[in-house]
Amino acid sequence: MGPKRELKFALESFWDKKSNAEDLQKVAADLKSSIWKQMADAGIKYIPSNTFSYYDQVLDATAMLGAVPPRYGWNGGEIGFDTYFSMARGNASVPAMEMTKWFDTNYHFIVPELGPDVKFSYASHKAVDEYTEAKAVLISELKAAGASWIQFDEPTLVLDLEAHQLQAFSAAYADLESTLSGLNILIETYFADLTSDAYKTLLELKGATAYGFDLVRGTRTIDLIKSNFPKEKFLFAGVVDGRNIWANDLASSLSTLQALETVVGKENLVVSTSCSLLHTAVDLVNETKLDDEIKSWLAFAAQNVVEVNALAKALAGQKDEAFFASNAAAQSSRKSSPRVTNEAVQKAASALKGSVHRRATNVSARLDAQQKKLNLPILPTTTIGSFPQTLELRRVRREFKANKISEDDYIKAIKEEIKKVVDLQEELDIDFLVHGEPERNDMVEYFGEQLSGFAFTVNGWVQSYGSRCVKPPIIYGDVSRPKPMTVFWSSTAQSMTKRPMKGMLTGPVTILNWSFVRNDQPRFETCYQIALAIKDEVEDLEKAGINVIQIDEAALREGLPLRKSEHAFYLKWAVHSFRITNVGVKDTTQIHTHMCYSNFNDIIHSIIDMDADVITIENSRSDEKLLSVFREGVKYGAGIGPGVYDIHSPRIPSTEEIADRINKMLAVLESNILWVNPDCGLKTRKYAEVKPALNSMVAAAKLLRTQL
Ligand code: GLN
Ligand code: ZN
């Protein structure tokens, strides 16, 4: 995206027709050349091209192969911006292609549509063009290396592949053998260990001259390498973490590399990052607000390439002693800093182990007790939390942050916004209200800013999709909650209505998965600490008279490890962390949770094990996938609200359409557990879309109530 999201702004201005294709290409060319120069200056020897993308790398590959779905009306020839961006984002008449998450990251790619009708052709010369471009820019640096290296990214090899899949993999490379000969071919894997079968397949690949491994996340791969590595091949050792923001422990990496050198030979060992630097922040120099101590613990992409070079130099006998010494000092300051450790938190978190933290009463009895208090109609209606975030609202928050308006003025403005949202929901006749989250810019950052142990960047942006970026908080120390975070806003909102108002929190697993997490203790330890902080908040909300509390776990599924053997352990501590947050509430307090992505058939038992009273889930793109779980006989006793319309699209659904979807759900789910709600928060929509859509939703629920 560029150090200051230059690509984002160029894209959005191009889409808004405020600039032309040439302007966009110019920004892209500048970004590419500055990255190539940066790597060359850092001493990186093998500089990759074709790593830049106008939208998404997988979409680029789809375009290169001409696999354009017919609905985009492409008639062959080189694929231009029109077709490319229509596939990515849709256009006036055709929706976009499906988007989904890249492995276990928060990056989204555009899913290729491959079927028997697709005719492959060579339809985008981007890879060649960019190579030529890079060569022109870096001609002198490239001369030494020649254009003799090509990298193939094959992270799919870290998954649990079956024998026939591994065979297909080998066969594909066997087909390429003659094309690849004369070139150095690097097969790069990342994000996890390799199974020994995958490793064996890799070593036997026709045409490969080098292999790249993620030695940060794939800690067991090193044993495979030590037990067997072909003599004449290169090893690209990914020792510098490309997925996190912590400075590398150079001394420890150097000793890993030295050990590997004895296995693969001096000439054949290449120092590398563990994966591409797409998933980390760009450059630490733009961080003006972090203090020097914390800054010394960090390394963003620009610093990662310097680390790679320092390690390579040290291996070659030219160790930069001063650089290593300051790195060692930073490592030890991080280990001993009182800002990192909070003994009370450590104690409380370790006391959690050994207990399961389950609410004493079972869910159906709790729902009965809650119904006595809440007195809900059948098919109750609600929304997921946020309401549209207008420009005015963003301005108020920005000015308050910059001390341009007083706290009183800020509170007044937010209260007015909440009142508008409450009035609107009453007018629409929604049963369970929300306050609309106007005080939050982001569902994780908002909580991180109020918890101890978190730090924030100014420019630590990471691409999420297209021009959209996220700025994950950094969890550097033990997490605790100095004071209530949401009680004031939730009780203010509750005081404006007689209807139940949902308290609105982000769950521990989601806060963890959407942050840069400390690497000096296991992730579950950090998650338990966050869970304890959220538990305090839940109990304070209950004390303040909030009877319904929603704890969002939007990213629980995303954190599922790539390897099946690790699923059970993750799900156990993730679900346990969620239960810890609400184990202390009364039976009459109703706990909701919300999850994005309906594709969770494989984890349905863990979802049941979360033991929430009501779960709302994203379901816009596939009723079938979700409902098949229940058709297969999974018993679900808690309340469930599969989203009845897609909030990612500006389209306004009709009453009939929504009623039809609810009817489909009623065919497999009991009417007394079904809730009616949109499939996610409304913050990216406009009021002109939200009002009629919610109106249809409430009308559909009312219509069906008369028919049950
Ligand atoms: N409560 C949040 C909202 O409505 C949930 C967002 C999400 O699931 N991503 O914005
Ligand atoms: Zn959601």
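This is a predicted model: local features need pLDDT of at least 70, side-chain atom pairs count only at pLDDT 80 or more; totals for chains, interfaces and linings use all residues.
Local features need pLDDT of at least 70 and side-chain atom pairs count only at pLDDT 80 or more, while totals for chains, interfaces and linings use all residues. Residues are numbered from 1 along each chain as its sequence is written, and ligands are numbered from 1 in the order in which they are written.

**Exercise 1.** Find the order of the strands in the open sheet of 5 strands, and its edges.

Solution. Strands are DSSP E runs of at least two residues, helices H or I runs of at least four, numbered from the N terminus. Strands pair if DSSP finds at least two bridges between them. The order is S3-S4-S5-S6-S7, with parallel pairing. S3 (149–153) and S7 (269–273) each pair on one side only, as edge strands.

**Exercise 2.** Determine how H21 and H22 are oriented to each other.

Solution. Take axes as lines fitted to C-alpha atoms over the stretch in contact, with angles from 0 to 180 degrees between N-to-C directions. The axes of H21 (residues 523–543) and H22 (residues 567–582) come within 7 Å and cross at roughly 20°. Angles under 35 degrees count as roughly parallel, and H21 and H22 are therefore roughly parallel. Residues in contact have C-beta atoms, placed from the backbone, within 7 Å. Among those making this contact are Phe-524 and Tyr-528 of H21 and Trp-573 of H22.

**Exercise 3.** Which residues come nearest to ligand 1?

Solution. A residue is near if its C-beta atom, placed from the backbone, lies within 6 Å. Of the 13 residues around ligand 1, Ile-384, Gly-385, Ser-386, Ala-554 and Gly-681 come nearest.

How values were computed. Angles under 35 degrees count as roughly parallel, over 145 as roughly antiparallel, 65 to 115 as roughly perpendicular and the rest as oblique. Two residues are in contact if their C-beta atoms, placed from the backbone, lie within 7 Å.
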